[in-house]
Protein chains: 2
Amino acid sequence: MNPLNHVGESKCSDDPYDRVTNPNGVIQLGIAENRLAMDLVKEWISDNVKASLIDSDISHLVPYHSMDGLLELKMALAAFMGQVMLESISLDPSQMIITSGATSAIETLSFCLADPGDAVLIPSPYYIGYDKNLKWRAGVEIIPVPCRSIDNFRLSISSLELAYNQAKKRGIKVRAIFLSNPSNPVGNLIDRYTMHELLDFVTEKNIHLVSDEVFAGSNHGTGEFVSIADVAHTEGFDKSRVHIIYGLSKILSLPGFRIGVICSFNENVLQTAKKYARFFSVSVPTQRLLVSMLSDVNFALKYIEIKKKRLRRMYELFVEGLEQLGINCFPSSAGYYCWVDMNNLMRSNNEKGELELWDKLLTISKINVTPGSECRCVEPGWFRICFTTITEDDIPVVMERIKRITENNKG
Amino acid sequence: MNPLNHVGESKCSDDPYDRVTNPNGVIQLGIAENRLAMDLVKEWISDNVKASLIDSDISHLVPYHSMDGLLELKMALAAFMGQVMLESISLDPSQMIITSGATSAIETLSFCLADPGDAVLIPSPYYIGYDKNLKWRAGVEIIPVPCRSIDNFRLSISSLELAYNQAKKRGIKVRAIFLSNPSNPVGNLIDRYTMHELLDFVTEKNIHLVSDEVFAGSNHGTGEFVSIADVAHTEGFDKSRVHIIYGLSKILSLPGFRIGVICSFNENVLQTAKKYARFFSVSVPTQRLLVSMLSDVNFALKYIEIKKKRLRRMYELFVEGLEQLGINCFPSSAGYYCWVDMNNLMRSNNEKGELELWDKLLTISKINVTPGSECRCVEPGWFRICFTTITEDDIPVVMERIKRITENNKG
């Protein structure tokens, strides 16, 4: 599965770029990891680890605990998410389940909402991890619902309708729509109007809506992020169809902490996910550390502000750098990546041409990126390039390396 | 599922016993959690958390990492397990997968070794969690293989053979034997001879052997614990059929840390479990803390020695206390529990009588224990009573409370 992805990862780990010690190494631009504000986390841990771990009662760290997460952590998370999303939503800790990263949150919802062989609709291009998270163990099939550049990669209800009806004709039970908002890999946002349409659609079809909002708080553009949690509260909708995924890997840039969250308005789903929590329970010391960190309002506010500033600057510099090479990006609003149109650098306008270019980027430019075809994009030539794993000083290096290909193409 | 268990747990959390603040509360003797040496862990954390978390490079804590566990942790665990088991085995870090507690290790092996609807043979009485861990999501059926008091609850190959053949006749595919050694709930050990028989059996039937050894290092009696890892190395056996489960919840009494380990000699199983690790990955700060703790040889040796001493003393005092009430225990060699014969306190010699007594123990004696029928024991009257959740001073309290029933019965 994802053999290309595997090749790229291997090259990155075998020969990792470092500005000082390995300036000719492979630059990892294939992982949506935000290292731009890691210094703030480091500082906080240095200052606070003693109070949050040592000074607490040992019986709060070591014994068995509620498998679906400490209530204190759920409360701290709910408050923090409110700050990140500018109070646009208010989450109820009793409707939250803590998971081992968003990955296990997605798998758990697959187990809760579908039986093996059932399917979910996912607007494409989509995050490549969904294939693994839904299919591998839960056995849930993915039906991609193509979004196109001509529509600014916006999801249309008519495409959903088409995909749903085709599945039904083939005797496949569609159980839910899974989508990411802010979208990964495109970086666009779903507006309120579309959300209302989506809620009407799932109500009409008697299915569920899962909104993966792990990139909430990664806005760098002008669009306003709205959580489905906000819209689902509108009178007349059956909230019990709506399930949201959050996590701290993106918002707080702590992927190594493995914290995901399921928020659901469905009592049955919550009960089932709570039972399953024994399979992905998060260690208590990590939870205690995060209770302290998230409850430190000064830290949280400072972190959010500084991260936003740095993120916006990196995005603008990166897009500008690409534009100077004649490469255009989709005008995204959020995310730690650009959605880049490199069609004009390809020798043939098809998947083969795209993968050829991907290989050149890895071997000639020595940068690892994600080709759109891995994200089930129906148009060849799009690439997801992450820009938050590097520093500002690395941007000219990346651009120089991409130039090796653009210049070569001219010649 | 396990409604009794749920009732008992609720009573314990609603009205928990505390010698000083709530001396009439419910005493939790239903969880195999060892609190006897928690003071040593507390001391170590106080002294070392700074060095293991703050002083390490932030890029070792925060970013994505290998999902199946840090190599440093696997190495430290292999060395620690060698010490616990007196060097009787040597584990290879490349054959280890770190999981979110032994629970997810068991589930993962179920997914790796069987398809939904397939079955495994499990000697009964067995740990009640197996039902959840194998059936809930992996869909694997359990065929209990009864062990009886007349055989000292030892597994016989003829019972295995019988259960296997019956399953085959019913068209059920048996994929493996799962067993616990030291056994939970009985506390006996599997000897080398039986292990050889088991390996012959799984070879002949072309199935697998999963040995759950989470209670390794909990010896308090005279028997010698032998890991299947040791025996599997014997020439002539196909090691690739053997998979072992370890964890730190019992050995190091750190259930809140959620550390389980799969050790397998099967390359396919390791590859699959490594892929699945994305669903149960352990947070890096916890792993870093444990790398330091387990690598501290002085701490490890001191911990093992003191824990053993305290465990043995508690076991002896507890068994003695019960004997003074006319209640006999199975002569176990290991574990944090006694396997107690209370048949003579029951009004009827059947499951109903057992559950009536269980209810009396909960409501009259206010102690929560596990009835044998929940562990699929075929003989009524046996109970698993854990003695490591309390202190030495609590033992007379427990005995006084059980006396309420023994006295009542006499009257």
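Analyst: Happy to! Between chain B and chain A there are 17 residue pairs in polar contact, both residues at pLDDT 80 or more. A polar contact is a pair of N or O atoms within 3.5 Å; within protein, one must be able to donate a hydrogen and the other to accept it, and residues adjacent in sequence count only if both atoms are side-chain atoms. This is a predicted model: local features need pLDDT of at least 70, side-chain atom pairs count only at pLDDT 80 or more, and totals for chains, interfaces and linings use all residues. Residues are numbered from 1 along each chain as its sequence is written, chains are lettered from A and ligands numbered from 1 in the order in which they are written, and side-chain values use heavy atoms, leaving out hydrogens and water.

User: How many residues does each chain bring to the contact?

Analyst: Chain B gives 51 residues and chain A gives 51 residues, where contact means heavy atoms within 4.5 Å. Of the interface residues of chain B, 100% are also interface residues in chain A, so the copies meet through the same surface.

User: Why is the relation between the chains called a two-fold axis?

Analyst: A rotation of 180° with 0.0 Å of shift along its axis superposes chain B on chain A, with RMSD 0.0 Å. That is the relation of a two-fold axis. In chain B, the C-alpha nearest the axis belongs to B:Phe280, 2.5 Å from it. The superposition is by least squares on the C-alpha atoms of residues with pLDDT of at least 70 in both copies.

User: Why is A:Thr108 called buried?

Analyst: Buried means under 20% relative accessible area, exposed over 50%, and partly exposed in between (1.4 Å probe, protein chains only). A:Thr108 has 0%, so the word buried applies. A:Thr108 sits in helix α4 (residues 101–113) of chain A; a helix here is a DSSP run (H or I) of at least four residues, numbered from the N terminus. Apart from neighbours within four places in sequence, A:Thr108 contacts A:Ile262, A:Ala273, A:Tyr276, A:Phe280 and B:Arg137.

Conventions
Helices (H or I, at least four residues) and strands (E, at least two) are DSSP runs, numbered from the N terminus.
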